[in-house]
Amino acid sequence: MIEIRHLKKAYAEVTPLKDVNADIRDGDVIAVIGPSGTGKSTLLRCINLLEQPSGGSIRIDGEEILDPSCDIHRIRQKVGMVFQSFNLFQHLTAIENIMMPQMDLLGVSRQEAYDRGIALLRKVGLVKQALRYPDEMSGGQKQRVAIARTLAMDPEVILFDEPTSALDPAMIGEVEAVIRTLAGEGKTMLIVTHELRFARSVSNRVFYMDEGGIYEDGPTEKIFTAPERERTRQFIRNLKVLELEIDDPNSDFPSLLTQYCSKNLLSARMASHLQIAFEELVQQILLPQSGKTGIRFTAEYSEQEESTRIIVKYKGSPVDLASAAYELPLTLLKGISSGMRHEAGIEENVISLTI
Amino acid sequence: MSKKKKALILAGILVVALALLCGCQAREDAPHTYTTLSELENKRIGATTGSVQAQQAEERFPNAKIFFFSTSVDMLNALRANRIDAYADAEIMARYMMGENPDLTYLEEKLADGMKVAGIFPKTEEGRKLCAEYSAFIREIKASGEYEEIEAIWLGSDESRRTVPDPDSLEGPNGTLRLAADLTMIPFAYMKDGKPVGMDIDTVIRFCSKNGYALEVVSMDFGAILPAITTSKCDLAAGGIAYTEERAESVLFSEPTFEGGSVVAVLKADGLSATGFWESFRTSFEKTFIREGRWKLFVRGIGNTVLITLLASLFGTVLGFLAYLLCRKGSPVANKLTGACIWLVQGMPTVVLLMVLYYVVFKRLDISALVVAVIGFTLTFGAAMYGMLRSGVEAVERGQTEAAYALGYTDRRTFFRIILPQAAFHFLPEYRGQITALLKATAVVGYITVLDLTRMGDIVRSRTYEAFFPLLAVTVFYFAVAAVLTWFIKRITVYVDPHNRKPEQILKGVQTHD
């Protein structure tokens, strides 16, 4: 239904979308997730040309929308959009917000527009608020009216651009419930959201966006339980990652570690254990050895599990941990961690453990 | 209720201010009395701008400080307020003023002799011909004794004889002459019973009637007369215009219609006898409104002021709107052009803009000054409107446009259906202010011969010698007109505010089920 090929969007300063490729099929409910600034909203806004892409191709029902001869207004009627900031027309009541686009753009009669408007307001539970102005409604109510307005145009696909980000926590539920109902009815939707639990429960497909494109695309359950790629896993598990390249002996690693711990609110115990792990693994075991280059120290802290996974990779011949020289450091490490593994490889050797 | 109260309080304040100013006209301390010109060597002396007397005063009193005024009445009031010690004027004017103001006198010792009042004509082929014709007529009446008769009427003391035939009654087989005159120049040209009269007006009417011309008298500020003649906007000008070499360089002077001297006017030692406040208020009121039916002048003035304001705001709104529509899409040509026009219109003093339009741009076109005034203020109001629209539209959140686009609205429809109704709401309060500002700004149209409220006030002032009463009356009228206009626009504001609609209006034409 929507085919995106090599989509690129570049601004003067940044390039949020480098190369995006995707096929959106009828009935897809796609949660678009990923860290901030990875172009999730930009992707949505390119699909209805609120942003003019810098290159690539977007086909909607086989029609190339980047073709200058394409009637974008007709395409936009097929692609509804729900905004983070609702954007209800301030000078119109809730019912008029739903009626006016129908009358202006679909050419339906006042009566038809009204009947449909009331039906939709009933669906989102706001019939009583029909004659209210946007500034007389709560954020959640406004967003539900905005969804009804979009539905009134009977679009083939609806783009939700962070529909609950501007809402008080108490109102998020009512808006999510409406979107969930629509998903149940088989509407094709793309939902940019930061609410991972909502994304998991509402969607049947996930785009994880990172590195200027769709980093991983897959069925919701797979993405959430067994993501294939590294960054997806870190994001899904909400891991706080620290990566240190131990090539420069002059870098002040202890203070980088301290910064990381305080930034991610690690407990004092966890922080001191992390400190010990770094000292023993890197400074006591690996650095004294000659010929161990390309040492990379990675820490992934998981808030939910209150644990940190540490992975140290290095090149060169593997260290013999059984050697008596490492007895003291190993004892210390075992005291604070579990599941320590040492794998020798042709390219790299990996030591991993969990604190 | 509170609005009514406010209006009442405002009216009260105005009346008190009016009363105070009227009362203050009575002088506190007796002024020094002068008897010779030499006593005035280092004093403050008034003169009318560009007059012969101003020149003569500067020559005679090189050490004195000369103050410039636009009318003799202003000088009299300045004298009374002790802003100047004396003023130079034509003897004939001073004599006339003395008749009405017992506290005024002039020094026996003349400032200069040989002031020649004459008609002036453009230096064109037609101007030369007409000037010769007029001069021949003057020589003829001087020879026949008709001239003495005219002089006796206008310089004599019998007020009832001072009438002229209605200029409109003249038949013009040889065409119509446009006469430029400053109708504050007693006794040469002034307003009486709402009609132009005076010695020069009388002479010109006699000339027209004899030589078969119809006549149209165009009233204007003295300063506007010379440009009106040099640009041939008028065929001739008369009414206390004195000969100077400098003026003769740009216009033709006819045979003089009056010769007299210049004098210096001062206040008498035994000045005004103090009158009661209500007494003076009553007299001022009678002089300003009742006598000679002067209220009709005010009515005409208000009519013109309101007409200019209404038309200019209407056309200006349309103009600003069209300009905004052209520039909205960011076309660089349209934007640069509009920017330049606005820069020009807003940077120029309104008076200059009007003068340029009247005397330069529309010089060749025979359109009335009123139309030029409407055009001029349409331009200024259009510029303001453009600015208001811009800021009004900018005040509407970007999201409104995006939401409309996302629904499938075209750019044009987005603007008219969604952005403009919201922008209107932002700029209407300022719009109201701009209309009031426009109303007040129209006060300068007197410069291009339009008889608006302010100009009528000046004309009445020149007849009553009252400094403040007519001015304050004019002010009260401006307030009243402004109040009516703002009330009207407020009604519109209420009407366009969607929040004020009733549910029936919102759902008009819809059958509701519940």
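**Exercise 1.** State how many helices and strands chain A contains, and determine whether the chain is spread out or compact.

*Solution.* In this predicted model, chain A has twelve helices and 15 strands. For its 355 residues the globule rule gives 20 Å, whereas the radius of gyration is 26 Å, well over that value; chain A is therefore more spread out than a compact globule. Next, consider the box filled by the C-alpha atoms of chain A: along the principal axes it spans roughly 90 × 45 × 35 Å. As for burial, 40% of the 355 residues count as buried. Finally, take the contacts in chain A between residues at least 6 apart in sequence: 63% of these join residues at least 24 apart.

**Exercise 2.** Locate Phe86(A) and Asp193(B), and classify each as buried or exposed.

*Solution.* Begin with Phe86(A), a residue other than glycine whose phi is positive, near 65°. Phe86(A) is placed in the loop between β6 (79-82) and α3 (94-106) of chain A. The cut-off for a buried residue is 20 or more other C-beta atoms within 10 Å; Phe86(A) has 24 such neighbours and so counts as buried.

Turn now to Asp193(B), which is not a glycine either, yet has a positive phi of about 50°. Asp193(B) belongs to the loop between β9 and β10 (195-197) of chain B. An exposed residue has 12 or fewer C-beta neighbours; Asp193(B) has 12 within 10 Å and is therefore exposed.

**Exercise 3.** Identify the peptide bond type between Ile186(B) and Pro187(B).

*Solution.* Omega is about 0°, and the bond joining Ile186(B) and Pro187(B) is cis. Pro187(B) lies in the loop that runs between β8 (184-185) and β9 (189-192) of chain B.

Notes:
Residues numbered from 1 in each chain as written. Chains lettered and ligands numbered in written order. Predicted model: local features only at pLDDT ≥ 70, side-chain atom pairs only at ≥ 80, totals over all residues. Helix = DSSP H or I, 4+ residues; strand = E, 2+ residues; numbered from the N terminus. Rg over C-alpha atoms; globule rule 2.2 N^0.38 Å. Contact = placed C-beta atoms within 7 Å.
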